[in-house]
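The entries follow in the order I looked things up.

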Amino acid sequence: MKTYLFNVENGLYEGEAFEEPVMLKCEEGITTVPPPEYVHGQVPVFDSSKDEWAVIPVNIARQLLKLSPVKSMESKS
């Protein structure tokens, strides 16, 4: 069965996989709910308490990961 992976700590989308239905009950970070469509600069985030996805801007996702924005080559000059 096609499944969708998400980070259990922050809900960020991590990709697709195929798992046996029995695995859904014993593994965290897997859902059969497909993420919504999103565009460049956005990322899906899964809320397991509501069993649904939301789409957030990448800059918010970076804050969830505690990453700083990527600096362009122009700003280094």
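Which backbone nitrogen does the side chain of T31 reach? I found that it is the nitrogen of V33, at 3.1 Å. I count a polar contact as a pair of N or O atoms within 3.5 Å; within protein, one must be able to donate a hydrogen and the other to accept it, and residues adjacent in sequence count only if both atoms are side-chain atoms.

Ground rules. I am working with a predicted model, where local features need pLDDT of at least 70 and side-chain atom pairs count only at pLDDT 80 or more, while totals for chains, interfaces and linings use all residues. I number residues from 1 along each chain as its sequence is written, and side-chain values use heavy atoms, with hydrogens and water left out.

Entry on T31. I located T31 in strand 3; strands (E, at least two residues) are DSSP runs numbered from the N terminus. I noted T31 as buried, because its relative accessible area is 6% (buried is under 20%, exposed over 50%, partly exposed in between, with a 1.4 Å probe and protein chains only). Leaving out residues up to four places away in sequence, I listed T3, Y4, F6, F46, D51 and W53 as touching T31 (contact means heavy atoms within 4.5 Å).

I read an open sheet of three strands in the order 2-1-3, with antiparallel pairing. Its edge strands are strand 2 (13–18) and strand 3 (30–31), each pairing on one side only. Strands pair if DSSP finds at least two bridges between them. Two bridges join strand 1 (residues 2–6) to strand 3, and Y4 stands opposite T31 there. I then followed strand 4 (residues 42–47) and strand 5 (residues 52–57), antiparallel and joined by six bridges, with F46 and W53 as bridge partners. These two strands form a hairpin with four residues between them, and D51 in the turn has a positive phi of about 55 degrees.

Entry on the rings. My search of the whole structure gave five aromatic pairs (ring centres within 6.5 Å, using the six-membered ring of Trp; planes under 30 degrees apart are stacked, over 60 edge-to-face, the rest tilted). Y13 and Y38 have ring centres 6.3 Å apart and planes at 70 degrees, so I logged them as edge-to-face. Y13 is in strand 2 and Y38 in the loop between strand 3 and strand 4, 25 residues apart. Y13 and W53 are also edge-to-face, with centres 5.7 Å apart and planes at 80 degrees. I wrote down one aromatic cluster: F6, Y13, Y38, F46 and W53.
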